[in-house]
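Have the sequence and the 3D view at hand.

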Amino acid sequence: MLVSAVVFGVLGPLEVAVAGRAVALGGPKPRALLATLVLHANTAVSVDVLAEALWPSGPPRSAAANIRTYVHGLRRRLAGSGADIERRSAGYVLVTDPELVDLHLFEAEVARAGAAGDRAEALALLDRACGRWRGEPLADLPHSHVWTVAVARLTELRLSAQEQRLRLRVDLGESGGVGGLGGVVDELRALLGDHPLREELWQLLIRALVATGRSAEARRTYAEAERVLRDELHAAPGPELRRLGERVRAPADPSPVCQLPLDLPDFTGREPLVAELVELLRRRRARGVPAVVVISGPPGVGKSAVAVRVAHAVRAEFPDGQLHVDLAGTSARPRTATEVLPELLRALGAHDSAMPRQPHERAALLRSRLANTRTCVVLDDAASAAQVRALLPGAGGCAVLVTSRAMLPDLPGAHPVELDVLGADEGARLLAGIVGEHRVADEPDSASDILRFCGFLPLAIRVAGTRLRHRPGWTLRTMAGRLRDEHGRLDELRVGDLAVRASVNLSYDLLTPDAARALRWLGMLGPGHWPGWVVAALLDRPAADDVLDLLVDTHLVALVGSDVTGAPRYRLHDLLRCYAAELAEHDPAADHRAAVRRVLGGYLSLAVSAAEAMPIHFLGVFAAAAVPATWRPRGAAELVADPLAWFEAERRAGVAAVSLAPEWGLDDLAWRVTAAFTPYFDLRGHYDDWHRTHRIALAAARRAGDPHGQAIVLRNLGQLALYQDAYADAWSAFDESVRLFGQVGDRRGAGFALAGLGTVLRIRGDYAHALDRCHEALSMFAAVPDPHGEAVARLAAGSVWLELGCLAPARRWFTDAHDLSAAIGDRHREAHALRRIATLHLRRGDLRAAREHTDRAVAIFLELGDDNCVGYTNQDLGLLCLEDGDLPRARLLLDSSLRRHRRSGDRRSEAEVMAALGRLHEALGEPGEAQRHFGRARDILRGLDTADAVAASAGRADRG
């Protein structure tokens with residue numbers, strides 16, 4: 001085996017690499033042990049010291065044995081590397097070449113630099129030495145006081161090496177220009193942040209600033225050093241630093257130009273962003289390169305306020321002046337660079353007589369004027385990148401803050417910042433700062449309502465707050481009440497020349513006709529997130545990516561992230577939605593209705609496709625809800641490639657679509673979209689969505705006079721009532737559904753409704769009539785034909801025979817259902833048949849066969865992703881464990897099932913599990929607990945319209 005060199009690293013997180021590949025060292029204890037040995041490489045470390053490093057609170061009695069185990073594991077990982085851990089009488093020692101340990105290499109290079117006769121050679125050695133550091137020593141391990149001395153020595157040596165290296169760079173004056181020592185200044189400021197009391201660092205920083213021509217900053221830095229030393233040490237600077245300070249002192253420069261508007265005194269929030277931008281501008285200035293920041297966002301979000309706040313915060317960093325220009329980008333006539341350049345040049349001292357005539361010459365003169373200065377420029381309300389390019393510096397340490405409603409992605413080198421609305425706490429602080437904290441504290445609920453109705457938009461909050469401040473007789477509840485009505489909300493959000501509507505108008509007026517129409521009609525869809533194809537549907541185009549991109553780039557539509565399918569999702573801010581809906585009122589109503597029909601038709605076609613592709617065959621009718629689509633999303637197959645993920649992404653949008661349809665007189669789409677989403681509601685147990693949509697859909701189908709739609713919705717409502725033990729409601733819905741399916745000649749639908757009636761009759765104990773309904777359903781499915789439905793009917797009939805205690809006929813029905821399901825590939829129904837057959841084996845006392853069939857059923861349900869059925873099958877497993885005497889596992893499974901049934905509202909299954917837990921406590925010799933559970937099961941059953949036999953049922957048999 002070839003020996004590969006091993007490299008040890010402690011100057012940062014612990015690293016070990018063999019032949020360039022990282023070595024996995026195991027858990028924290030082996031890593032801590034190895035770290036201790038590396039810090040003392042080639043020196044024996046006693047077992048006591050190692051134990052103290054590994055167990056600072058006191059070693060266990062097995063410490064020595066554990067250390068031997070850790071050492072054995074580390075030796076195995078280091079095998080063949082040329083390094084080893086040896087046992088000595090004094091302890092353990094890591095035997096390795098010192099040149100393979102980064103701390104030894106660092107110390108050697110620092111020593112060689114100190115002995116070097118050539119400053120350039122010394123600097124190169126120190127650069128290499130300092131470059132070996134990856135962070136704090138052993139940063140990824142809990143600190144041990146065993147390492148304290150070694151780590152402290154290393155840290156001090158590192159700081160000394162950094163000082164020596166930076167001193168050489170200042171002495172050599174690397175490039176000698178304004179920006180040449182920018183990196184040194186940056187490093188020195190970072191070091192002073194950690195070591196503000198080291199006078200040597202202050203001296204180097206002042207020298208570097210003087211060398212780069214930044215005398216004013218050097219003077220301010222000396223004043224800062226004096227203040228820090230006085231405040232922290234109550235001492236004056238030492239002689240060398242004091243002499244340096246005297247050399248840089250000079251008369252103050254004339255006051256530079258400062259055109260910044262007022263920094264709002266009640267500016268609230270954005271603290272992390274402001275700090276981030278201030279730090280960014282400072283870093284770029286220190287490097288001597290221009291910084292350009294583009295702050296974009298929707299109307300009224302506070303872009304200008306943030307830019308002005310940042311510009312004020314960095315005035316000391318940019319002492320040569322602060323310029324501010326309004327580019328009027330959202331006006332009817334944005335200012336051109338040709339107009340703005342003379343204004344900027346005059347502010348920088350250029351005379352009209354010396355002003356070049358050509359725009360490109362003026363831009364060049366501006367770059368020359370800014371090149372050797374540290375000036376901050378605010379370009380407010382830019383319309384485009386083209387408007388800004390000629391106004392940017394080309395070199396030097398200037399900063400430019402651009403605000404725009406557009407993102408300006410075509411402005412090279414700019415740092416983009418997208419502003420969103422305020423958070424809840426920030427919004428509350430802004431409102432309190434305007435109206436007074438006591439008023440917000442007195443009416444916190446109304447304050448929350450105001451913020452919600454304002455959509456946390458700073459401009460809207462400021463307008464609402466200003467109106468309240470000038471109306472001390474108004475309560476916050478009064479203001480909230482006036483904002484509650486969406487139709488009049490924008491009228492309320494106006495005071496003086498501040499108005500949300502006017503602010504948005506500026507952006508809307510710049511849109512293309514298609515983008516303007518899309519924005520208006522998006523407001524008709526209500527709140528919520530939507531996929532990108534919705535814009536194409538509104539405009540009746542195959543695709544509308546260009547329109548959507550424009551709306552997003554101008555921040556009129558927000559990109560809120562991606563859904564579980566990876567597709568982007570969008571939304572309108574609530575106030576923009578009010579604005580859009582207000583404008584849409586002027587469009588023809590017929591155009592509105594047609595646009596909404598296309599959107600809902602798109603959801604319907606996708607939902608039907610997704611339902612057909614689901615891995616589980618739905619117990620009901622949904623494909624009949626499909627209609628020839630007047631508009632279908634492009635790439636529909638890709639959108640629903642993962643049908644369950646698509647349903648998960650669109651669940652809320654689908655529920656909202658059902659509510660929206662009746663508002664536009666689209667009753668047929670209300671029940672059709674509902675029916676198409678039901679298979680997903682069933683699979684994932686979204687019973688609240690199921691109930692809400694179906695109540696709307698039933699009313700819509702009745703208004704439309706559509707018996708088929710009514711039949712489908714009623715069958716689904718009957719199934720939901722069955723799941724929730726509302727048997728009278730289930731009977732009524734199934735019975736009416738059978739009649740309506742018969743009226744329209746839909747035998748398949750009638751079969752499913754009849755199967756539901758059979759289940760209700762079985763639960764009530766009317767077994768003869770239950771069998772009649774099962775046979776009727778079977779004949780309906782056979783006539784269609786529908787083998788999936790036949791399997792359902794056979795399972796239902798077998799369940800009746802099982803309740804009667806007639807195991808032989810039950811087995812025939814279940815076996816036929818299983819074989820049929822397997823033959824047609826209906827894995828879901830096959831798993832249900834396996835559950836029923838397992839119950840038969842349990843009744844006969846064949847626990848092994850029952851367990852085998854139950855395990856197979858669980859595996860299928862897991863494969864299909866049917867968590868509800870997995871839960872019911874785990875209940876079956878709990879009963880099996882109870883019969884088999886495995887009481888701990890039985891209790892675990894039954895307790896889990898009980899929690900699931902309580903969450904879903906399945907009272908009958910809750911009673912079954914309570915009865916089983918009663919038996920479990922009997923077996924444990926806990927009669928009191930057993931009777932409590934039996935009593936609870938009886939109480940539940942008394943409230944249900946069921947047969948007494950249900951209480952002894954081994955598991956639920958009516959689902960699916």
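Q: What makes Arg762 and Glu803 a salt bridge?

A: In this predicted model, the closest N and O atoms of Arg762 and Glu803 are 3.6 Å apart. The cut-off is a side-chain nitrogen of Lys or Arg within 4 Å of a carboxyl oxygen of Asp or Glu, so the pair Arg762 and Glu803 counts as a salt bridge.

Q: Which parts of the chain does that pair link?

A: Distant ones: Arg762 sits in helix H34 (residues 747–764) and Glu803 in helix H36 (residues 787–804), 41 residues apart. Both Arg762 and Glu803 are buried.

Q: How many salt bridges does the structure hold?

A: There are 58 salt bridges. As background, side chains of opposite charge can pair when their charged atoms come close.

Q: How do you know that Arg169 and Glu187 form a salt bridge?

A: Their closest N and O atoms are 3.5 Å apart, and the limit is 4 Å, so the pair of Arg169 and Glu187 qualifies. This pair also links distant parts of the chain, with Arg169 in helix H6 (residues 148–172) and Glu187 in helix H7 (residues 182–194), 18 residues apart.

Q: Why is Arg169 called buried, and what is Glu187 called?

A: Arg169 has a relative accessible area of 12%. Buried means under 20%, so Arg169 is buried. Glu187 has 27% relative accessibility; that value falls between the 20% and 50% limits, so Glu187 counts as partly exposed.

Q: What makes Glu910 and Arg907 a salt bridge, and where do they lie?

A: The closest N and O atoms of Glu910 and Arg907 are 3.7 Å apart, and the requirement is within 4 Å, so Glu910 and Arg907 form a salt bridge. Both lie in helix H42 (residues 907–923), three residues apart, about one turn of the helix. Glu910 is buried, with a relative accessible area of 4%, whereas Arg907 is partly exposed, at 33%.

Q: What about Cys881?

A: Its closest cysteine sulfur is in Cys869, at 19 Å, which is too far for a bond. Cys881 is buried, with a relative accessible area of 3%. A search of the whole structure finds zero disulfides.

Q: Which residues gather in a patch of negative charge on the surface?

A: Glu418, Asp420, Asp545, Asp549 and Asp553 do. Helix H25 (residues 545–553) gives the largest share, three residues. Glu418 is found in strand S10 (residues 415–418).

Q: Why is Glu418 called exposed?

A: Glu418 has a relative accessible area of 52%.

Q: What makes Ala831 buried?

A: The relative accessible area of Ala831 is 0%, and the limit for buried is under 20%, so Ala831 is buried. Ala831 is located in helix H38 (residues 827–844).

Q: What is the phi of Leu138?

A: Leu138 has a positive phi of about 50° although it is not a glycine. Most residues other than glycine have a negative phi. Leu138 is placed in the loop between helix H5 (119–131) and H6, and is buried at 3% relative accessible area.

Q: Which kind of peptide bond runs from Val784 to Pro785, cis or trans?

A: The bond is cis, with omega near -10°. Pro785 lies in the loop between helix H35 (767–783) and H36.

Key:
Residues are numbered from 1 along each chain as its sequence is written. This is a predicted model: local features need pLDDT of at least 70, side-chain atom pairs count only at pLDDT 80 or more; totals for chains, interfaces and linings use all residues. Side-chain values use heavy atoms; hydrogens and water are left out. Patches are made of residues with over 30% relative accessible area and no salt bridge: like charges are joined within 9 Å, nonpolar side chains (Val, Leu, Ile, Met, Phe, Trp, Tyr) within 5 Å. Accessible areas come from the Shrake-Rupley method with a 1.4 Å probe; for residues, only the protein chains shown count as cover. Lys and Arg count as positive and Asp and Glu as negative; His and the chain ends are not counted. The place of a charge is taken as NZ of Lys, CZ of Arg, CG of Asp or CD of Glu. Helices (H or I, at least four residues) and strands (E, at least two) are DSSP runs, numbered from the N terminus. Buried means under 20% relative accessible area, exposed over 50%, partly exposed in between (1.4 Å probe, protein chains only). A disulfide is a pair of cysteine sulfur atoms within 2.5 Å.
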